[in-house]
Amino acid sequence: MSVNYISTRGGSQPIGFSDAVMTGLARDGGLFLPDHIPDVSSRLSGWASLDYVSLAAEILNDFVDIREDVLNDLLQKSYADFDHSEITPTVQVGDLHILELFHGPTLAFKDLALQFLGRVFEHLLDSRTGLLNIVGATSGDTGSAAIYGVRGRDRIRIFVMHPNGRISPAQERQMTTVLDPNVYNLGIEGTFDDCQRILKELFADLAFKDEHMLGSVNSINWARVLSQIVYYFYSGLQVMTKTGADRVDFSVPTGNFGDIFAGYLAARMGLPIGRLVLATNENDILCRFFTTGIYRRGEVAPTLSPSMDIQVASNFERYLYYQQDENADRVRDMMNRFAQGEDIRVSPQEDGSIDGLIVAGRGTRQDTLQTIRDIHRQHGYLLDPHTAVGVHVAQANRRSGVPMICLATAHPAKFADAIEQAVGEDLAHHPSLDALEGAPTRKTVLPAQLDAVRDFIAEAVSRRESS
Ligand SMILES: *Cc1c(COP(=O)(O)O)cnc(C)c1O
């Protein structure tokens, strides 16, 4: 039985994968989820020997309405540019297993999802008329991964806003050195919040959105979550085979709850996961929720792990749906109250936990630097600051007999300043980043105003349609 997609808020008829991907957010404001989760536990033994792309095809096939041979082809192309033959290799560092998710073109785990999403968009446009204009806002990693996912595609344009002068030089170079004509980098004279506000306003203008075929690549897109399920299976099966263990724990550096939610789904599909360790930095709304049951906004504080500096986790609603026993009415009610400033509260289970599968912890700036320093000194291995938060919390939650797999979400060279602070030397480099230094760049600086961005997009769209 093939999977259809429903809204977490219950107000949408079931639709297929393709429509869910093109739509992004459900009409009722909810997020798309599969109407049932396939149980794959009887197939696991045959999956342990598959290469990454073959495993991805096995897993995704149940969830999509794309022909199997086409899906295979999309996956092959999505992961062809990774610089490691295993795509997501797992390496042993002391008694931890590090799952390296940074071998894609922009050196962060978001490439796993956005390379695939770019190919899916291109494929879906083949059977539809018109062009897709992707608009996004980034504080760093998402923008470059999204740009690399669609650069050079004929029928897709991408407009990415970033707070001008407020992202790291390496992150800015990764985006602005892409000179393909379908890529527009917009340096907004304001903060990341300004960029997000403008993005929201653009998408709220339904007439403009429909007329200009606006599409989104943000982390609520179902295809992003789906493609991230694969590496939990890939690494988990590998580590169980290697160690003889019957289950594994995962530690996940968490911001918007997209990555760890993919692990949650993997567990529900039948991968023997003992625990998911949710690690946050000082922006710890999710850590507080999983220890107290109260989901309450805080102020965003800048940290050494900026891709986890979030106030409200956009994928949390998907988790809440299962936490509330798939009761969409309750989810809708909770989310509406939360939007009005109230807290979300859930009761602990009998053992006092909020969820038996998820344990949460946080790592401060000091913990981050210390962990990078210790792991480097003891094992000669460099962690990026996001991964270091995950490793810090993983170490506090080690259990004998259960291997711990720590997701490494970025290459340390993307955050070379933090590495230098931690180890006292400028050790983190990557040839693809070094090569961008001094390369020609292109961006357009715009004031932090909806009109300015809307006019720019409208003009760029009409210019290319008439050329
Ligand atoms: C986006 C990101 C995260 C957080 O992932 P979520 O899916 O938002 O929880 C962690 N580390 C890095 C390097 C990232 O880019």
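**Close-up 1. Strand 6 (residues 156–163) and strand 7 (residues 183–189) pair in the parallel sense over six bridges.** The model shown is predicted. Pro163 stands opposite Ile188 in strand 7. The two strands belong to an open sheet of five strands, ordered 8-5-6-7-15 with parallel pairing. Strand 8 (214–215) and strand 15 (444–447) are at the edges with a single partner strand each, so one side of each has no neighbour in the sheet. Helix 5 (residues 110–126) lies across strand 5 (132–137) and strand 6, and runs at about 145 degrees to strand 6.

**Close-up 2. Helix 15 (residues 365–379) spans 21 Å between its end C-alpha atoms.** Thr368, Leu369, Thr371, Ile372 and Ile375 are the buried residues in view. Seen down the axis of helix 15, the buried residues fall within an arc of 160 degrees, so they line one face of the helix. They pack against strand 3 (90–93), helix 16 (385–395) and helix 17 (416–423). The face turned away from the buried side of helix 15 carries Arg377 and Gln378, both exposed. Just after the helix, Gly380 takes a positive phi of about 65 degrees.

**Close-up 3. Asp62 and Arg43 are joined by a salt bridge between their side chains, at 3.1 Å from N to O.** Asp62 is in the loop between helix 3 (52–61) and helix 4 (68–78), and Arg43 in the loop between strand 2 (32–34) and helix 2 (44–47), so the pair ties together parts that are 19 residues apart in sequence. Asp62 has a relative accessible area of 25% and is partly exposed; Arg43, at 29%, also counts as partly exposed.

**Close-up 4. The side chains of Asp69 and Arg67 meet in a salt bridge of 2.9 Å, N to O.** Asp69 is partly exposed at 45% relative accessible area, whereas Arg67 is exposed at 57%.

**Close-up 5. Lys443 forms a salt bridge with Glu172, with the closest N and O atoms 2.8 Å apart.** Lys443 lies in the loop between helix 18 (431–434) and strand 15, while Glu172 is in helix 7 (residues 169–176), so the pair ties together parts that are 271 residues apart in sequence. Lys443 is partly exposed, with a relative accessible area of 32%. Glu172 counts as buried at 18%, because buried means under 20% relative accessible area.

Terms used. Residues numbered from 1 in each chain as written. Predicted model: local features only at pLDDT ≥ 70, side-chain atom pairs only at ≥ 80, totals over all residues. Heavy atoms only, no water. Pairing = 2+ DSSP bridges. Helix = DSSP H or I, 4+ residues; strand = E, 2+ residues; numbered from the N terminus. Contact = heavy atoms within 4.5 Å. Axes fitted to C-alpha atoms, helices over the stretch in contact; angles between N-to-C directions. Expected span 1.5 Å × (residues − 1). Buried < 20%, exposed > 50% of the residue type's maximum accessible area, 1.4 Å probe, protein only. Arc of directions from axis to C-beta. Salt bridge = Lys/Arg side-chain N within 4 Å of Asp/Glu carboxyl O.
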